[in-house]
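This report covers the cores, a sheet and a helix pair of one protein model. Please have the sequence to hand while reading.

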Amino acid sequence: MAHGVKRKRGRAAMADGLRVIEAAEIAAAVRELCIEANIYAGADILAAMGQARSGDASELAKSVIGTLLDNAEVASRERLPICQDTGMAVVFVTIGADVHVDGDIGEAINEGVRQGYLEGYFRNSVVRDPIDRVNTGDNTPAVVHYDFASDDSLRITVAPKGFGSENMSAVLMLNPSDGIEGVEGFVMETVRAAGSNPCPPIIVGVGVGGTMEKAALLSKQALLRDVGSVSADPFWADVESRLLEGINKLDIGPAGFGGRTTALGVHILAYPTHIAGLPVAVNIGCHATRHKTKVL
């Protein structure tokens, strides 16, 4: 292909062997994802709550789960947010090696958040500084995490994170000698201390390994897994199962009213770490745990 010649491929183009994606297309995708994530509950979560309602022995727990399912149905039908806390926009972007973005991707993402929260009539919850607390007025800036792949696609996941659940999350630097017992103990204590605050039934994301910030990122990425999925590593799959069983014996229950359904799932992601450390992070997701993905 001659230098500078572009050939249309879908809504993008090819130039010099690279697929070109316009910044405006990224902004439009983020706008759409912000709206969809805040309005439409995930099919996996709806299915898990339906199963939990059938399996819980507490009539009050069943009633609360039923109300949550009714709320999700109304939100979808009326195009209203599932929750009044439409969160801080967390955006995961995976950029293919054969992709060139024409424009500023960071500005495009924030423009998409700005448009999505305005169009959806969602609450603006972001303040410009942690101390002076002046609202930015458009829910920007987003928190953006970038990753890379060896293809020609651009994958965007928008995960609005409310702070009822975010405030209940925690990181701890364990000693290597604490082992798996220390990891499980920290997860259990974090959930126990959270109680009803994160709007259970919850999804528990756990990151183990890396460094302090890597463990925290892993714990948030773990919340993106489908509820009901299990770790590909048999060891961690067993830990997930054991923790889920233990958490659901805490009798916190839906909305904190007791019952067997405190958590819908426990998802663990692990990463290599330093010989002297054992970082563990727990990121709790509420009963909605919102996230939507689009591949450009």
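## Nonpolar cores

The largest nonpolar core has 27 residues, and those touching the most other members are Ile-26, Val-30, Ile-105, Ile-109, Leu-154 and Ile-156. A nonpolar core is a set of buried Ala, Val, Leu, Ile, Met, Phe, Trp, Tyr and Cys residues joined through side-chain atoms within 4.5 Å; buried means under 20% relative accessible area, with a 1.4 Å probe and protein chains only. Two or more residues each come from α1 (23-39), β4 (88-96), β5 (99-102), α4 (105-119) and β7 (154-161). Helix α1 gives the largest share, nine residues. Helices (H or I, at least four residues) and strands (E, at least two) are DSSP runs numbered from the N terminus.

Val-30 is in contact (heavy atoms within 4.5 Å) with Ile-109, Gly-112, Val-113, Ile-156 and Val-158, leaving aside neighbours within four places in sequence. Another core, of 23 residues, lies apart from the largest one and includes Ala-194, Val-204, Ile-247 and Val-282.

## Basis of the model

The model is predicted: local features need pLDDT of at least 70, side-chain atom pairs count only at pLDDT 80 or more, and totals for chains, interfaces and linings use all residues. Residues are numbered from 1 along each chain as its sequence is written, and side-chain values use heavy atoms, with hydrogens and water left out.

## The four-stranded sheet

Four strands form an open sheet in the order β8-β11-β9-β10, with mixed pairing. Strands pair if DSSP finds at least two bridges between them. β8 (170-174) and β10 (263-273) are the edge strands; each has a single partner, so one side of each lacks a neighbour in the sheet. From one strand to the next the twist averages 15°.

β9 (residues 202-210) pairs with β10 in the parallel sense over nine bridges. Ile-202 has Ala-263 of β10 as its bridge partner.

## Helices around the sheet

Helix α8 lies across β9 and β10, and runs at about 140° to β10. Helix α8 (residues 234-247) also packs with α6 (residues 179-194) at an angle of about 35°, their axes 11 Å apart. Axes are lines fitted to C-alpha atoms, for helices over the stretch in contact, and angles run from 0 to 180 degrees between N-to-C directions. Among the contacting residues are Val-187 and Met-188 of α6, and Trp-236 and Leu-243 of α8.

In helix α7 (residues 212-222), the buried residues are Ala-215, Leu-218, Ser-219, Lys-220 and Ala-222. Their cover includes β4, β7, α5 (163-166), β9, β10 and β11 (278-285).

Terms used
Buried < 20%, exposed > 50% of the residue type's maximum accessible area, 1.4 Å probe, protein only.
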